[in-house]
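Here are my comments for a colleague who has not seen this structure before. They go from the hairpin to the overall build, and then to individual side chains.

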Amino acid sequence: MKLPIAVSLSLVEGIHTRWIAVVNGMAVDQFARSFMHPELRTEMTLDHLLQLYAWHSHHHLAHITELRRRERW
């Protein structure tokens, strides 16, 4: 099945809008809360998770940017 890229971009935009609302609503001390990451199976703070998510987003953007450059889109 082939859908327009706008469908996927809308999903990502919605997720990021939600993340921004949650993060902006948190008090500074709440970022020190920790949880068990289900995939990494390690305890981490919400601050660390946010940093990891930011890095991961930049990492994906670099993949997309490189693909566009390589394919001359």
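1. The model discussed here is a predicted one. Strand S1, residues 34–37, and strand S2, residues 42–45, are joined by four bridges and run in the antiparallel sense. Four residues lie between the strands of this hairpin, and arginine 41 has a positive phi near 55°. Across the pair, methionine 36 is placed opposite glutamate 43 of S2.

2. Arginine 33 belongs to the loop that links H1 and S1. Which residues does arginine 33 contact, leaving aside its neighbours within four places in sequence? They are Met44, Thr45 and Leu46. For one of these, threonine 45, the C-alpha atom is 5.3 Å from that of arginine 33, although 12 residues separate the two along the chain.

3. In total the secondary structure consists of two helices and two strands. Helix H1 covers residues 5–24, and helix H2 covers residues 46–71.

4. On overall dimensions, the radius of gyration is 16 Å, whereas a compact globule of 73 residues would come near 11 Å. Along the principal axes, the C-alpha atoms occupy a box of roughly 45 × 25 × 25 Å. Of the contacts between residues at least 6 apart in sequence, 21% connect residues at least 24 apart.

5. How much of the protein is buried? The share is 8% of the 73 residues, where buried means under 20% relative accessible area. The accessible surface is about 6700 Å², and carbon and sulfur atoms account for 62% of that area.

6. Part of the surface is a nonpolar patch. Met1, Leu3, Val7 and Leu11 form this patch, which has an area of about 500 Å². One of its members, leucine 11, sits in helix H1. Leucine 11 counts as exposed because its relative accessibility is 57%, and the cut-off for exposed is over 50%.

7. The structure contains two salt bridges. One of them joins the side chains of arginine 69 and glutamate 66, with an N to O distance of 2.5 Å. Why are these two residues about one helical turn apart? Arginine 69 and glutamate 66 are three places from each other in helix H2, so about one turn of the helix separates them.

8. Is arginine 70 exposed or buried? Arginine 70 counts as exposed, with 52% relative accessibility. Glutamate 71 has a relative accessible area of 38% and is therefore partly exposed.

Key: Residues numbered from 1 in each chain as written. Predicted model: local features only at pLDDT ≥ 70, side-chain atom pairs only at ≥ 80, totals over all residues. Heavy atoms only, no water. Patch = residues over 30% accessible without salt bridge, like charges linked within 9 Å, V, L, I, M, F, W, Y side chains within 5 Å. Areas by Shrake-Rupley, 256 points an atom, 1.4 Å probe, with all protein chains shown as cover. Salt bridge = Lys/Arg side-chain N within 4 Å of Asp/Glu carboxyl O. Buried < 20%, exposed > 50% of the residue type's maximum accessible area, 1.4 Å probe, protein only. Rg over C-alpha atoms; globule rule 2.2 N^0.38 Å. Contact = heavy atoms within 4.5 Å. Pairing = 2+ DSSP bridges.
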